Amino acid sequence: MENGKRDRDDMEVQTAPRKPRVLLAASGSVAAIKFGNLCHCFAEWAEVRAVVSKSSLHFLDRLSLPREVTLYTDEDEWSSWNKIGDPVLHIELRRWADVMVIAPLSANTLAKIAGGLCDNLLTCIVRAWDYSKPVFVAPAMNTLMWNNPFTERHLCSLDELGITLIPPIKKRLACGDYGNGAMAEPSLIYSTVRLFWESQSLVRFRAVSKRWNSLLNNKSFINKHLHHRSKGNFA
Ligand SMILES: Cc1cc2nc3c(=O)[nH]c(=O)nc-3n(C[C@H](O)[C@H](O)[C@H](O)COP(=O)(O)O)c2cc1C
């Protein structure tokens, strides 16, 4: 009885799904002051790593990040590589992540992603990304930048890649102007990504159970396996 319980417990441990791995990234917008808050929202649910551009460091406070979240900068990309055979940070992070969220997304980083440029750690990860894995972006910029024709052009390119836009909101901006371009609230960014992830997991689960059901309803499959099992039992 006790052994049976231990076996069941072992099985539960082995089959427990791991936490999603979320790569959070910040680029150089004033909204990067909210990046610590964003990391705290995600860290409760997911395994989180953070990547920041050089300009974002003017706005964000490293100490506002949760302790368990490692922050990577362009310096880390170069200091972690010395010789051929050493791991390359942007490739490692791209492999590690299940989801990437760029919040805030600056006009500059938006333009670079749209054009395929990759001159820092953040854009190298995006350039190496496997687009079957989700990417979300939450732009943040002055209304004059947001309304500029380049924005729409660049967002169309991101849309073609399958990147999901979490649109900015209208409010009084840091510069005093009122209008569209402020980053969506961290809590909204978090709930959007989580909802998406959980609905995808449900779809995956349903697809797997559907495959299992059709397999189990398949007579030749059952006969083949029953046959093998009974042979084994009587051998
Ligand atoms: C005080 C200040 C605030 C800025 N705020 C924004 C902003 O909210 N959104 C934006 O797209 N660019 C903003 N910029 C410009 C970017 O920081 C600049 O384009 C930078 O090159 C972005 O670099 P990155 O995309 O590599 O992070 C701001 C610049 C300054 C000096």
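**Exercise 1.** Among contacts in the chain between residues at least 6 apart in sequence, what percentage join residues at least 24 apart?

*Solution.* The model is predicted: local features need pLDDT of at least 70, side-chain atom pairs count only at pLDDT 80 or more, and totals for chains, interfaces and linings use all residues. Numbering starts from 1 along each chain as its sequence is written. Two residues are in contact if their C-beta atoms, placed from the backbone, lie within 7 Å. Of the contacts in question, between residues at least 6 apart, 73% join residues at least 24 apart.

**Exercise 2.** State which helix gives the most to the shell around the ligand.

*Solution.* Helices (H or I, at least four residues) and strands (E, at least two) are DSSP runs, numbered from the N terminus. The chain has 10 helices and eight strands. A residue is near a molecule if its C-beta atom, placed from the backbone, lies within 6 Å of it. The ligand is surrounded by 15 residues, the closest being Ser27, Gly28, Ser29, Ser53 and Ser106. Helix α5 (residues 107-115) gives the most, with three residues.

**Exercise 3.** Describe how α5 and helix α8 pack.

*Solution.* Axes are lines fitted to C-alpha atoms, for helices over the stretch in contact, and angles run from 0 to 180 degrees between N-to-C directions. The axes of α5 and α8 (residues 149-161) are 9 Å apart, at an angle of about 50°. Angles under 35 degrees count as roughly parallel, over 145 as roughly antiparallel, 65 to 115 as roughly perpendicular and the rest as oblique; α5 and α8 are therefore oblique to each other. In α5, Leu110, Ala111, Ile113 and Ala114 meet Phe150, His154, Ser157 and Leu158 of α8.
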